[in-house]
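Hi,

Here is the model I said I would pass on. Have a look at it first, and my notes follow below.

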Amino acid sequence: MDLKTYRTHVMICAGTACVSTHSLAVKEALEREIQKHGLEDEVKVIATGCIGFCERGPIAVVQPDDVFYQQLTEDDIPLLVEEHLLQGRPVEKLMYIPEGEKKPVSRMMDIDFFKHQQFVVLRNRGRMDPEEIEEYIAFDGYAGLTKALTTMKPEEIIDEIKASGLRGRGGAGFPTGLKWELCRKTKGDGKYLICNADEGDPGAYMDRSILEADPHAVLEGLIIGAKAVGAHQGFIYVRDEYPLAVKRIKIAIEQATEYGLLGKDILGTGFDFEVEVVRGGGAFVCGEETALMASVEGRVGRPSTRPPFPVEKGLWDRPTNINNVETWANIPIIILKGADWYSTLGTEKSKGTKVFSLVGKINNSGLVEVPMGIPLRKIIFDIGGGVPGGKRFKAVQTGGPSGGCIPEELLDLPVDFEALTQAGAIMGSGGLIVMDENTCMVDVALYFVSFLAEESCGKCTPCRVGLQRMKEMLTAITEGRGEEGDLERLENLARTIQDGSLCGLGQTAPNPVLSTLKYFRHEYEAHIRDQSCPAGVCKPLITYLIDVEKCTGCGVCLKACPVGAITGERKQPHRIDQALCTKCGSCMEVCRFEAIVVE
Amino acid sequence: MLQDIQKEKGYLPEEALATIASEVKVPLSRLFSLATFYKAFSLVPRGRHYINVCLGTACHVRGGMKLLDKLERDLGIKTGETTSDNRFTLEAVRCVGCCGLAPVVVIDENFHGKLTQRELTKVLKRYG
């Protein structure tokens, strides 16, 4: 380990989003420039896991000053090094300026996006290099494990987790301690643990981010869990679409093994535990636990009937305890700081914090961690900064394809498992997708139904066929072919699918349709009765027009149109030939005068 | 094993599946069912560049579909197909987990975020 002390650390985000905006090139530029000024003994650059404010990547935070820089490019680096690192003058023009304001915010924890959050699971994000076990250890890493293995009996570990009130973060919210106890009490040798990192909900990426930012926390949680239930083999099932997460967790496993924290005779206590990484194959249904286990066994991932539950008869028919990434990442800190501390966070029935990915039509996209029970409004407006472009908020979709859309009037709802379920949505894995007035709710319902129809494994007829029929009906509605009575038929079919499906995918599949029907029925009716899409999304029901008042005849749209549907003299208002227009929206995208309107 | 071959070759050749089946002693039909069930596998060769348009929810509400339409139009192929010059294979994926950058298009292993139709044209030129 690098035992030198540095006066300054530059933490540069190396989560997937920032890497894709070239944060690694920025890091190299930083190191080059630091060397050029001979600062390499004073300043250290560290590539961290996801810092969370993905919208603003690449991000760098200079510590201990806590100065937050954003949207950096290689060209910004000479100035940053010269001014801030050499002269000690933070560079205002690289800082974050909140929407609608002029003055930049310099300190990270003063930025609205960060200051309302509470970090438990994401405690190590942006403060350490996830590929260095010693940095994790320096931040109390593996202290929980040491405590559990050397001072606690398995039953005591389970009691502690039960007392903390921790519930599974994968979606259903089953009490974690109870699950462990059931698994412990099941007789049988060769129990297994699984970490479910098959994060399939579109719009949710907290599990990827945790694995990338703090892989050792997940691993430590698993080892503690192994001791508690009496397992000696664990699997981490990761989505194939997450190469960086796979890489980091593999490094973590190697390092932990080298340090005697994993493998044979952990910490000299005589306890053995091995962990293997399994890559998924790109099937949404494999997030369902029985399907996931089939996939780990090398079979096609189709769910099977429960009971028997995995804790009784799971992987290769042995008792198996499955929890998701975020749940595992909660374990070490609960053991270390105690259930009493943990249970002060959150609400009566939903303890602790929850990580949400706040995305869609929102100013501050990113990953946020908040205590359970916080109102949705606070997350969306105080942390997220509301809807961009002065548009009106319409709904927030929670819980992925199994969840629902929550309208504005319910925004004061506290986020906990029960409240969201009551509103017809679910907590799910924690995706919050914000929609504005330009999002069509029928289109959103169709989107989810198409997704699920494609991902249905096909075992249960109501799910396989029912979702296809639903998709056809919704398609007809978005194309203006909807009929009176369709909405009732949709509701009827939804109930059949709910009742007649074996696994969670089918049982919850109609939620997006039911919740949009409940809160946005008028939009469906507009499509059916008036043949119009109020949000201006459904192609067959809309027309692109040019506002002659606003059009300056600059000709930009004329050039952008791929089908040559726009005509007009320079400096004269242009027009769109509706017979040729394919409604691709290219003209609207390039127009600088808001002269293209959708009706 | 299948994942490694997929990565190496870009698809699962029939002969490779047959070899695995006899080596590992599992029926070929089982390998076929795995290869068709999981999206990570392809039974046909892919083009030189693999374009994946993200249609996760965040990308969907931020116009991911328009990008896919544009690619289908410009490349003259449908989703799942490969251009005749073997340059591009076009696919759509449900969420790559970069929702903060929506809409996202992944080409080979490079993520391109916050794209507009116009920028996408420029991005494509970089892939020969």
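**What turned up**

If you set aside its neighbours within four places in sequence, B:E81 is in contact with B:F88, B:T89 and B:L90. Keep in mind that this is a predicted model.

B:E81 sits in the loop between α5 (64–75) and β2 (88–93) of chain B. How exposed is B:E81? With a relative accessible area of 38%, B:E81 comes out as partly exposed, because that value falls between the 20% limit for buried and the 50% limit for exposed. B:E81 and B:G47 are 34 residues apart in sequence, and their C-alpha atoms are 9.0 Å apart in space.

B:N86 is also in the loop between α5 and β2 of chain B. B:N86 is not a glycine, yet its phi is positive, at about 65 degrees. B:N86 is partly exposed as well, at 39% relative accessibility. A second residue of this kind is B:C95, a non-glycine with a positive phi near 75 degrees. B:C95 lies in the loop between β2 and β3 of chain B, and B:C95 is buried, with a relative accessible area of 1%. The loop between β2 and β3 (105–107) of chain B also holds B:P103, and the peptide bond from B:A102 to B:P103 is cis, with omega near -5 degrees.

Stepping back to chain B as a whole: there are six helices and four strands, and from the N terminus on they run α-α-α-β-α-α-β-β-β-α. Its C-alpha atoms fill a box of roughly 50 × 30 × 20 Å along the principal axes. Of its 128 residues, 51% count as buried. Taking the contacts in chain B with a separation of 6 or more, 56% are between residues 24 or more positions apart. The accessible surface is about 6200 Å², and carbon and sulfur atoms account for 53% of that. Chain B has 19 positive and 14 negative charges, whose mean positions are 9 Å apart.

Now for the aromatics. Over all chains, the count is 17 aromatic pairs. What makes the pair of A:F53 and A:Y96 edge-to-face? Their ring centres are 5.3 Å apart and their planes are at 65 degrees, so the pair falls in that class, as planes over 60 degrees apart count as edge-to-face. This pair links distant parts of the chain, 43 residues apart: A:F53 is in the loop between β2 (43–48) and β3 (60–63) of chain A, and A:Y96 is in the loop between α3 (77–86) and α4 (112–115). A:F53 is buried at 0% relative accessible area, and A:Y96 is buried at 4%. The rings of A:Y136 and A:Y142 also form an edge-to-face pair, with centres 5.2 Å apart and planes at 85 degrees; both residues are buried. Ring pairs join A:F53, A:F68, A:Y96, A:F113 and A:F114 into a cluster.

A few more things in chain A. A:K337 lies over the face of A:W341, at 4.4 Å from the ring centre. A:G57 and A:P58 are joined by a cis peptide bond, with omega about -10 degrees, and A:P58 is in the loop between β2 and β3 of chain A. In helix α8 (residues 176–185), the buried residues include A:W180 and A:C183, and the buried residues of this helix pack against several elements of chain A, among them α7 (154–164), β5 (191–197) and α10 (215–229).

Cheers

Definitions and conventions
Residues numbered from 1 in each chain as written. Chains lettered and ligands numbered in written order. Predicted model: local features only at pLDDT ≥ 70, side-chain atom pairs only at ≥ 80, totals over all residues. Heavy atoms only, no water. Helix = DSSP H or I, 4+ residues; strand = E, 2+ residues; numbered from the N terminus. Buried < 20%, exposed > 50% of the residue type's maximum accessible area, 1.4 Å probe, protein only. Contact = heavy atoms within 4.5 Å. Areas by Shrake-Rupley, 256 points an atom, 1.4 Å probe, with all protein chains shown as cover. Lys, Arg positive; Asp, Glu negative; His and termini not counted. Charge placed at Lys NZ, Arg CZ, Asp CG, Glu CD. Phe/Tyr/Trp six-rings, centres within 6.5 Å; stacked < 30°, edge-to-face > 60°. Lys NZ or Arg CZ within 6 Å of the ring centre and 35° of its normal.
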